[in-house]
Amino acid sequence: MPELGGLLHGRDDDRELRAESLIEDTVRICRELIRLDTSNFGDDSGPGERDAAELVMGELTSVGFDPLYVESRPRRGNVLLRISGSDPSLPGLAVHGHLDTVPAVEADWRLPPWSAEVVDECIWGRGAVDMKAMNAMIVANLKHLTTQGWRPRRDLVVAFFADEEALSALGSHWIVDRYPEFFEGVTDAISEVGGFSVTVPTRKTGNQRIYLLQTAEKGTLWLRLRASGRAGHGSVPNPEGSINRLAAAIARISAHRWPIEYVDSVRSLLHGLAEITSNPGEAEPLVDVVELLGPSSAFVDASLRDTVNVTKVSGGYLNNVVPQHADAWLDCRFLPGHEERLLQTIHELAGEHVEVHVERRDVALEAPFANPLVEQMTEAILTMDPGARVLPYCLAAGTDNKALSRLGIRGYGFAPLKLPADLEFANLFHGVDERVPLDSVAFGAHAMNHFLQGC
């Protein structure tokens, strides 16, 4: 278990008891959140976030906070809390998470996905890493710090949003549209998928632990391809059928090689890795150091280029009828500044008989690594793991920081986790058998404690 050091003040025995209590509370809240199914199917058919929001509300009100609960639609719950700082001249900070998860098919899992069982020193369940563990770290720390008389120096806005897994139309974007005054004076925000560790081999010192702090994230385009063709009887050859044309378009898009381009955060990460591993590189050879990240290399590899994946296909209604129309859906993720270029390329690859419809879109983000807030996050990590290094990276997916950027708020990923070197962390997000190590949760609770005390 990580050492707490001076993070919780007081006599050694009191500090140790408070540290143990913080860990126990974080683990308890994490498990209780996982047990509440908040699966988001993207169409309001799921259970919604209300139960999880009410749990969070109960924890916060138990220590005297007065959070606001609002629903964008029935059971689509969001929680907002603003804590006044002691120095109103300082810019405000938002600390936020989302309460929904992607669905899970229980038959595929080793353990029931909403059981929150502790097996192999891990908490298992849907949402363990995405992102109920961080939600628990935030709530538990607010409770414990408040009971010790803590007050932040700057105004602190704490938010738990709905609908992040379906691009946040009923969550953070809805909140930004209707409650922008809640974030008045806020300049920066922290949320998920950053501050986690990877272990890389070095030529001089063996292994080195690095924490990846998210300073950028790719933009999102959800597209629908609609192919049109000649309808007819299934017994008659028909090369002009819509499904044939759709299949050809999918094949062209899937075969396209998107060029590598280094945004600032990726270039800084790869140069840092090259320096740490004594594997210096220039320009394209920098790609070679990505594989040193081991199980987490998939996160970084996806940030080197724009990406497109076919996620759904639909067409036809009877086996002896060639349909006039067929559809496919694409999940496209683009680097900062690449949205129009990606969309134009998809139009060209789709071909003349395939229409391209934009169903959802959201921006790419990039925030500076040279920022006092980054220094504060780095200090929190290095206090817990003094021999580590902290480097920036670009998230291949997206977070609710996209919505907050509409208010001029810079977003970072800081959900600190010290992970086992062999854990395939990237595969746990939206994957089967999602789980988070207990020691990682303890580390995160302590690091978040240090960070919030510096706010």
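**Reading the charged pairs**

Guide: Let us begin with a network of salt bridges, which links Asp25, Arg28, Glu32, Glu59 and Lys143. The model is predicted, so to speak of local features requires pLDDT of at least 70 and side-chain atom pairs count only at pLDDT 80 or more, while totals for chains, interfaces and linings use all residues. Residues are numbered from 1 along each chain as its sequence is written, and side-chain values use heavy atoms, with hydrogens and water left out.

Visitor: What is a salt bridge?

Guide: Side chains of opposite charge can pair when their charged atoms come close. The rule asks for a side-chain nitrogen of Lys or Arg within 4 Å of a carboxyl oxygen of Asp or Glu. By this rule the count is 27 salt bridges.

Visitor: Which parts of the chain does the pair of Asp44 and Arg73 tie together?

Guide: These two side chains form a salt bridge at 2.8 Å, N to O. Asp44 belongs to the loop between helix 1 (12-35) and helix 2 (50-61), and Arg73 to the loop between strand 1 (68-71) and strand 2 (77-83), so the pair ties together parts 29 residues apart in sequence. Helices (H or I, at least four residues) and strands (E, at least two) are DSSP runs, numbered from the N terminus.

Visitor: Is Asp44 buried, partly exposed or exposed?

Guide: Buried means under 20% relative accessible area, exposed over 50%, and partly exposed in between, with a 1.4 Å probe and protein chains only. Asp44 is partly exposed at 33%, and Arg73 is partly exposed at 42%.

Visitor: Where do Arg126 and Glu434 lie?

Guide: Their side chains meet in a salt bridge of 2.7 Å, N to O. Arg126 is in the loop between strand 5 (122-124) and helix 3 (128-147), and Glu434 is in the loop between strand 18 (410-413) and strand 19 (435-437), so this pair ties together parts 308 residues apart in sequence. Both Arg126 and Glu434 are buried.

Visitor: How many residues apart are Arg224 and Asp327?

Guide: Their salt bridge has an N to O distance of 3.0 Å. Arg224 in strand 10 (residues 219-228) and Asp327 in strand 14 (residues 325-334) are 103 residues apart, and the pair links distant parts of the chain. Arg224 counts as buried at 19% relative accessibility, and Asp327 is buried at 8%.

Visitor: How much of the chain is buried?

Guide: Buried residues make up 56% of the 455 residues.
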